[in-house]
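Have a look at the model first, then read on.

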Amino acid sequence: MSLLHVVFKVGAAEYVMPADEVLQMETFTGATPVPGSNPYVAGIVQVRGKVLPAIDARARFGLPAVDRTLDTRLLVAKTGDRTVALIVDQAREVVKLSAESFKPPPPMLQAEARGLVKAVAQIGPRMVLLLDFNKVVNEGESRGQ
Amino acid sequence: MSGSKVDLSEFLPPYLAEVEELLVLARKSLLAAEAAAKGGGHNALAVRELFRAVHTIKGLSSMIDLEPIVAISHEMESCLRAADKAGGHLEANAVEPLLAGLRSIDERVNALATSRKVSPAPQGLLDTLRDLDKPRARPGQKSGAVTYALDPEIDAKVTASERTQLLTAMAAGRRAIRLEFSPSPAKANDGLTINSIRDRLRAIGELVKVAPVHAPKTEASPAGLLFLILFITDAPDEVVSKACGCAVIGELGRAVVPAPPRPDALPELPPDAMADDEQSTSEEGRSSAVVRVPSERLDDALERVSAMFVGRSKLHRAAASLTAKGVDTRELNQLLAEHSRHLRDLRSSFLRLRMVPVSQVLQGLPLVMRGLKRTTGKNVELQLETGRAEVDKAVGDRLIPAIVHLARNAVDHAIETPEQRKRLGKPEEGTVRVTGHDRSSTQLELTVSDDGRGIDAVAVAARAGVPVPQTTAALLELLCRPGLSTRTAADTTSGRGMGMDIVKRIVDQLGGELTLTTEPDRGTSFVLRLPLSITIVDALVFEVAGHRYAVPLSSVEELVEVDAAKVVTGPAPRAGGLATGLMERRGFAMPIVGLNAAMGLAQQALGSKALVIRQGDEPVAFAVDRMMGQQEIVVRPLDDLLVKVAGISGAADLGDGRPTLVLDLLALGAAVLQRTQQERRS
């Protein structure tokens, strides 16, 4: 059984998320910063009338910040009853991936990625990482205040 | 009466509320009566309701001297009284003028509500209404129809019943005139005394008033006295002069009512006029136990409840610190938990008070549709299905223009002409359906759909000069682009003014969602998902370090100018600490802190303005860079843990489609005090 997955890019790596977890893909036009929130929270964005927190994927993954480009996208996804936007560098593709094509990530990568990557898959010559959106959103959100 | 200016401010709010309600009832009854008349029957109950509503409007308006409204409602009442007496038989040709009358009243009520000048009753309308039914003037009938002009001095002598007598007669098209008779021995010899004149005048008309007034002694009036006579007659001036041996000084009525510029061009009903505080449907009867409360009072109460929530968190903190000191606080905590529960219940009760039935929000729609049918010549049936759904009045009020616009678009653009529909094998009568139901305990779903031609994505794209949108979401986005109109020529109803971008903006500002489905030749539906309730506050908007923020106006005690040179800063705080300055305010030192710094952002030079709040007993000033103004905002809570931060109470769309943070300065102030105290201690 294969499922549709959205492919997106953060830094040099390509990630995937099941398409049914992704509510919308939007062009990114800026976020309103929320002082006092976690440093990787870019702020809040208004998407189709809803106000959502936006996580900067680069900051969340520990990558250096870059200027936003026309390719920058907001990936709006659901985890539990929360809807959160993720700012990614690029998102253009939807691919079909079967459950069997996913393999557990090598232990090194798992440690490095702090559990944010659930699995890896191969699309032809490209390696893609299955993102654990729940972990991206839920871990480390308290800031010790 | 024309000279003295009565202070109406006290009576106005209840008057407006009542009249607005009556207008809604009247419109509804009139449409019901019209529907019955079209079917060849009559709806006696509706006519009776309409008659009563108009009668009450007249009565209320005469209490506060609103002559134009009294005049219009009087004519309408006369016509309706006849219809009521005829067992509810309302002539079909009476509907338009009566609707025009209601519109005219509505327009004047709106003018009054917005402190604009109330224009005089349009003479054309009064004449049309009068022609519907010419009631016989009944002296003493409590009414008033037109204004009349009299010197204030003389007017002061006219009693209320005489005034009604005059106005009634004038309304019935008779002449009310003013005469002056100076008695003199010479005239007496000719048999002209005030008593003989009385008799003669009575023979040709109705004598309303005879009053002696002082006059300078002249040859013409050697007694230094003359009699002022107010007289109603159908006879021409010459006949009257001959009868009394004195000249007609002037006519009181008609001429003094200035003709409106275009008596026929009645302005269309402004969409917001459809909003109404309370309902009173004829099904439920007017006696249902309804308490009318100005919504500000509810808001005020709600605000107080919110203040209790602030108190509650203080209590919890105090209890926690007791617990930390080893005090047994189990019972206290239990009580606090109970208290919290009560508070939550109390708040939801208050929120419920503001809910109004969706059917009531949309009750003006049939009238709008009726007008559209007339102007477009299209045959459209409006189906309204709202069940028992309720929505916060604030949401409802803001929503109306969007729904009206969508319904207009449907009739105007979507529904084909009867001929076209026939060719397509569709029923000649098009259908516009507006349905509403609560989707969950927090969301209302409204749908405006039609069975018209559907939206032609290719044509829309061509007009906008962009590639054809591939999804309905993309099509909707394109439709909502500011300035996009799918019609070349602006037409009377929806080609000008508000476009889909405004619909979108309304929905966005309410925190709702707009979606679209459309199918060629089958029709289009717009679905609006909206929060059932919202928090609306008056807010001050300002800028700090290039970012805009808003704060509820109620939390700000004062706005002050900051002279940076006069702000005293104490010993430099440690790195990362908070630089609190002191500035003089009415002889006392007030702490001042840059808002940016208070929010934990980089400290900057203090801005030139500051918002003063009261933290407990102490004022605290937050310096900001620039004030941007004041506006009403819909505050949306920021519930997600990622962005839940003390001092930020929510976000609002100021109209630019981006969220702006709404700050809770009290919470920020508390945080500031806490931090400064910690710094002092360490």
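Buried area is the accessible area, taken with a 1.4 Å probe, that two parts lose on being put together, summed over both. In this predicted model, chain B and chain A bury about 2000 Å² between them, with 60% of that on carbon and sulfur atoms. The contact draws on 26 residues from chain A and 24 residues from chain B.

What about the polar side of this contact? There are 2 salt bridges between chain B and chain A, and in one salt bridge the side chains of K50(A) and E513(B) meet at 3.5 Å, N to O. The count of residue pairs in polar contact between the two chains is 4, both partners being at pLDDT 80 or more. On the side of chain B that touches chain A, at least two residues each come from α19, β13 (547-552), β21 (648-653) and β22 (659-663). Of these, β21(B) gives the most, with 3 residues.

Now for the second largest pocket, which holds about 1100 Å³ of space. It is lined by 35 residues, and the closest to its centre are E26(A), R48(A), E477(B), K504(B) and D508(B). Elements giving two or more residues to this lining are β3 (22-27), β4 (41-47) and β6 (73-79) of chain A, plus α18 (472-479), α19 (500-509) and β10 (513-519) of chain B. The most comes from α19(B), with 5 residues.

Notes. Residues are numbered from 1 along each chain as its sequence is written. Chains are lettered from A and ligands numbered from 1 in the order in which they are written. This is a predicted model: local features need pLDDT of at least 70, side-chain atom pairs count only at pLDDT 80 or more; totals for chains, interfaces and linings use all residues. Side-chain values use heavy atoms; hydrogens and water are left out. On a 1 Å grid over the protein atoms alone, a cavity is a set of points where a 1.4 Å probe fits but cannot get out, and a pocket is an open set with protein on both sides within 12 Å along at least five of seven lines; lining residues have an atom within 4 Å of a point. Grid points are joined across faces, edges and corners, and a volume is the space filled by probe spheres set on the points. Helices (H or I, at least four residues) and strands (E, at least two) are DSSP runs, numbered from the N terminus. Contact means heavy atoms within 4.5 Å. A salt bridge is a side-chain nitrogen of Lys or Arg within 4 Å of a carboxyl oxygen of Asp or Glu. A polar contact is a pair of N or O atoms within 3.5 Å; within protein, one must be able to donate a hydrogen and the other to accept it, and residues adjacent in sequence count only if both atoms are side-chain atoms.
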